[in-house]
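Colleague: I'm new to this one. Could you walk me through how to read it?

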Amino acid sequence: MTNHWIDIKNADAILIMGSNAAEHHPISFKWVLDAKSRGAVVMHVDPKFSRTSARSDFHVPLRSGTDIAFLGGMINYIIEKDKYFKDYVVNYTNASLLVADAFGFENGLFSGYDPAARKYDRTQWAFQLDDDKVPKRDPSLNDPRCVFQLMKQHYSRYTLDDVSDITGVSKEDLVKVYEAYSATGAPDKAGTMLYALGWTQHTVGVQNIRAAAILQLLLGNMGIAGGGINALRGEPNVQGSTDHTLLYHLVPGYMAMPIADWQTLADYHKANTPVSYDPQSANWWQNKPKYFNSLLKGWFGENATKENDFGYGMLPKIEKGANYSYLFLFDRMYQGKIEGGFIFGLNPMNSVPNSNKLRKAMDNLDWLVTVDVHHSETTDNWRRPGVDPKSVKTEVFLLPSAHRLEKDGTVTNSGRWQLWHYKAVEPPGEARTFGDMLVDLMNKVRTLYTENSGAFADPILKIDWPKRYDADEMARRINGVFTVDTKVKDKEYKKGQLVPSFVALADDGSTSSLEWLYCGSYTEEDGNKTKRRDPKQTPMQAAIGLYPNWAWCWPVNRRILYNRASVNLEGQPYAPNKAVIQWQDGKWVGDVPDGGWPPMATGEGKHPFIMTVHGFGQHYGPGRMEGPFPEHYEPVETPVKSHPFSKQLNNPCYVSVSSDMDILAEPADPRYPIVLTTYNVTEHWCGGGETRNVPNLLEAEPQLYVEMSPELAEEKGIKNGDGVIIESARGRAEAIAMVTVRMRPLKIQGKIVHEIGMPFCFGWTTPGSGDSTNRLTPSVGDPNTSIPEFKACLVNVKKADKLTELA
Amino acid sequence: MQLNRRDFMKVTGAGIACLSLSQLGFDLKPLKAYAAELKIAGAKEVISVCPFCSVSCHIIAHVKDGQLVSTEGDPDYPINQGALCAKGAAMLSLTRSSHRVTKPLYRAPNSDKWEEKDWGWVIDRIARRVKESRDKNLQLTNTKGQTVNRLEHVFALGTSHMDNEECALTHQAMRALGVVHMDHQARI
Ligand code: SF4
């Protein structure tokens with residue numbers, strides 16, 4: 001989230017799209033209702049009517065996978081009707097920047113596409129630079145090559161007729177949402193967008209969110225109270241685990257994983273440190289070498305020296321463009337190319353697409369370590385239904401892990417608050433924390449490498465690794481310490497003392513930090529700030545529900561990101577009644593500003609979007625794989641053969657794997673005419689491995705069901721409560737039919753398209769509850785993130801003669 | 001008039017509840033009986049965070065004699081203000097679930113059952129399997145002769161259930177081993 005949970009209450013309009021907040025983030029909804037009680041309009045755009053819809057001012061059903069068409073239509077509406085916030089757009093976004101002539105768009109493709117590689121040459125999307133290498137701008141927004149004009153032209157194609165035709169949303173409903181939301185283009189009005197996996201789990205997931213960003217920038221909704229792009233993140237510490245980056249393509253702190261072409265530390269920095277020649281651009285990532293070198297210092301301690309590139313040479317390097325995400329891992333496993341591995345607190349046999357293939361792939365492992373609180377479809381895959389355990393060669397370990405109440409440490413909520421939780425009781429039996437196990441295991445590996453020869457032991461023996469796990473000690477290492485006596489401004493710090501903030505991190509080896517964004521969370525001056533429980537606020541902070549003294553928030557305790565975009569060039573808030581920051585008597589008051597520079601009008605200010613090279617919010621995003629503007633493409637499995645915007649049916653860059661088990665339906669496949677979307681229920685968490693083991697939660701939601709409209713049910717001769725079979729090109733699942741008007745047939749291109757919805761939290765280890773819905777979903781993913789397309793695929797449904805998975 | 005348990009305790013703590021409530025005509029017998037049985041009387045309050053969605057509601061755990069006796073929403077926490085959804089409210093049963101795995105388990109190749117093992121044995125065994133796989137498969141250079149030090153044959157998945165402190169360690173350990181197949185819930 002660019003903002004935070006409580007801040008939702010400051011919105012004048014709330015667009016919930018790709019999320020069912022009331023059921024999946026129930027307590028967040030407290031703040032949605034708070035806003036509503038004070039006059040905010042709440043809109044829910046989602047294929048299914050849910051409790052979120054029931055509490056909204058209106059619910060608008062749309063076909064899964066057509067969000068860009070819906071949002072593109074709104075961009076068009078705002079520009080056509082002059083609803084955008086002109087000053088904001090000119091001063092704070094890249095709307096006025098001029099784009100070089102190489103950029104173009106034709107027939108659904110941007111310039112630079114290589115069909116064989118399914119990739120773009122993104123250098124063709126560059127900006128025009130002046131002689132000082134600063135982007136050229138036209139503040140009048142009239143130049144035909146300025147971003148604003150290109151954007152206007154691009155989205156002029158998204159007419160109400162065409163958008164309605166492909167999304168299944170009536171024109172009246174489109175206008176209702178567009179009008180209500182675009183009213184937040186007034187300088188003192190705020191609109192927030194709340195989304196979740198309903199936006200990300202598509203082959204156009206990233207561009208769904210880009211489209212939202214464009215809208216928020218047009219309406220001046222970024223950086224303000226009650227605004228922002230707010231991902232309602234799903235899992236307990238998924239914000240923190242992303243920040244610390246349990247992902248193949250990054251290292252902690254959103255820095256690139258080294259690739260083979262960057263053999264030295266200098267190569268790495270040259271390739272990854274952006275340069276801006278605009279004195280008004282803060283270009284914050286120019287500091288990356290300080291953060292990266294401090295990370296290396298944190299990893300390798302005394303063994304990281306200037307002479308050895310701080311240990312950079314010891315790190316693994318991946319090939320440029322290589323993909324090591326789930327889809328590709330399990331595909332390689334299926335091909336027998338993976339030997340063993342670890343699965344910590346995760347149930348991929350239920351929660352990753354094409355489960356039938358994955359379950360078979362796991363049989364090819366020689367060894368597997370699972371770590372969990374319960375048995376799950378993953379830990380016990382070797383004895384799954386229909387498989388003789390004697391035929392499975394894998395050596396499997398199941399290590400019992402401690403639960404939340406059984407350990408100390410921090411998690412980071414969706415609003416970036418880092419929160420300490422205290423150990424209340426001992427773990428049951430011999431269960432232990434992940435930290436305990438991992439520290440012991442690695443120490444054992446280190447001993448083996450000390451006592452025996454082995455392949456390239458250096459990185460294993462040279463890491464700065466603790467003897468035993470201590471959350472407090474780790475919190476200090478994450479914050480970072482000085483490795484030599486240092487003076488920061490007038491203050492002396494001794495070697496080993498905590499670094500007060502990431503501004504003090506250095507690239508010369510004098511500081512260490514395992515995550516630069518968390519630097520400042522634990523200081524000599526204030527101790528462990530994640531433990532703070534002080535509700536103290538100034539009246540200005542109280543007016544917008546800002547709690548600067550409660551816990552701590554990254555970065556530097558800034559609660560609303562890009563908050564300098566909430567003020568005019570003089571530093572005065574656009575919305576004085578809900579000001580985030582304000583320039584008063586030569587200093588900023590309110591939230592921690594995004595950099596302490598004075599207001600822009602002084603001539604010494606910096607553009608507010610400090611994490612982008614040029615300092616502007618990006619309508620035009622030349623860094624994305626499939627184009628600088630979001631464009632509508634159909635899901636890979638789509639019920640239509642064509643769409644009105646171009647001849648390019650699917651995302652030209654989507655990623656996929658191919659095996660005999662990765663079968664896809666044809667566009668408008670008569671065998672699979674129904675769209676399936678998936679979701680969860682309030683009582684179960686993700687794959688359900690944990691919550692199915694809690695009797696009261698299982699009692700509330702005991703069994704896999706499928707929601708379908710009465711119209712579809714009648715067509716198929718299905719009654720409410722019947723057992724049914726759902727089939728896709730990849731697999732089948734049994735479910736109980738829930739015939740309900742919550743699902744609506746949609747009129748697409750003049751024809752009725754049915755959509756059904758299923759939760760994915762049930763699995764065979766809970767007898768009679770049903771089995772993985774993801775046996776139906778495909779292994780295709782977004783080209784930027786490789787997030788699979790869980791939210792739209794093609795199926796058919798029929799009444800079951802007999803049920804075996806459901807009791 | 002509604003009286004929640006916290007208010008009730010506050011009032012009784014002030015020693016005036018019986019008088020004022022009986023004057024209002026309440027039958028206090030059930031309340032008194034309830035008070036006598038309060039599981040949390042004398043328990044220590046420990047602050048924790050719901051282990052499910054990223055609203056991260058705060059939870060107060062009540063601990064008596066080392067045992068968890070109750071959990072409830074933290075009324076002081078400004079985001080959830082004491083409220084919890086079904087999952088957060090199930091914290092007690094979740095923690096005390098009889099389905100928890102409480103011993104390291106081992107399933108030998110081609111076996112049809114789990115066996116209980118002690119920690120020393122499993123850690124040793126896993127460490128050896130890791131070393132074996134790494135020694136056999138670590139790729140030091142690519143086809144272009146560039147140094148790559150990567151181990152593609154071993155993977156690590158998960159987890160957003162880890163604390164930040166545990167995530168940092170996991171990343172450090174896996175990169176030291178050369179692991180590149182690394183992924184977790186953030187990508188699904
Ligand atoms: S109680 Fe419910 S809303 Fe609150 S963090 Fe837990 S799962 Fe999320």
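Predicted model: local features only at pLDDT ≥ 70, side-chain atom pairs only at ≥ 80, totals over all residues.

Colleague: Which residues are around the ligand?

Modeller: Chain A gives A:Pro26 and A:Ile27, while chain B gives B:Cys50, B:Phe52, B:Cys53, B:Ser56, B:Cys57, B:Leu84, B:Cys85, B:Lys87 and B:Gly88. Sorted by class, that shell has eight nonpolar, two polar and one charged residues.

Colleague: Next, salt bridges. What is the general idea, and how many salt bridges are there over all chains?

Modeller: Side chains of opposite charge can pair when their charged atoms come close. Searching the whole structure turns up 52 salt bridges over all chains. One of them is between A:Glu406 and B:Arg100, at 2.8 Å from N to O. A:Glu406 is in the loop between β14 and β15 of chain A and B:Arg100 in the loop between α5 and β4 of chain B, so this pair joins two chains.

Colleague: Are A:Glu406 and B:Arg100 buried or exposed?

Modeller: Both A:Glu406 and B:Arg100 are buried.

Colleague: What does A:Lys491 form a salt bridge with?

Modeller: With A:Glu525, their closest N and O atoms being 2.9 Å apart. The two sit 34 residues apart, A:Lys491 in strand β19 and A:Glu525 in the loop between β21 and β22, and the pair links distant parts of the chain. A:Lys491 is partly exposed at 39% relative accessible area, and A:Glu525 is partly exposed at 35%.

Colleague: And which residues are linked in a network of salt bridges?

Modeller: A:Arg359, A:Asp771, A:Arg775 and A:Glu805.

How values were computed. Residues numbered from 1 in each chain as written. Chains lettered and ligands numbered in written order. Heavy atoms only, no water. Near = heavy atom within 4 Å. Nonpolar A, V, L, I, M, F, W, Y, C, P; charged D, E, K, R; others polar. Salt bridge = Lys/Arg side-chain N within 4 Å of Asp/Glu carboxyl O. Helix = DSSP H or I, 4+ residues; strand = E, 2+ residues; numbered from the N terminus. Buried < 20%, exposed > 50% of the residue type's maximum accessible area, 1.4 Å probe, protein only.
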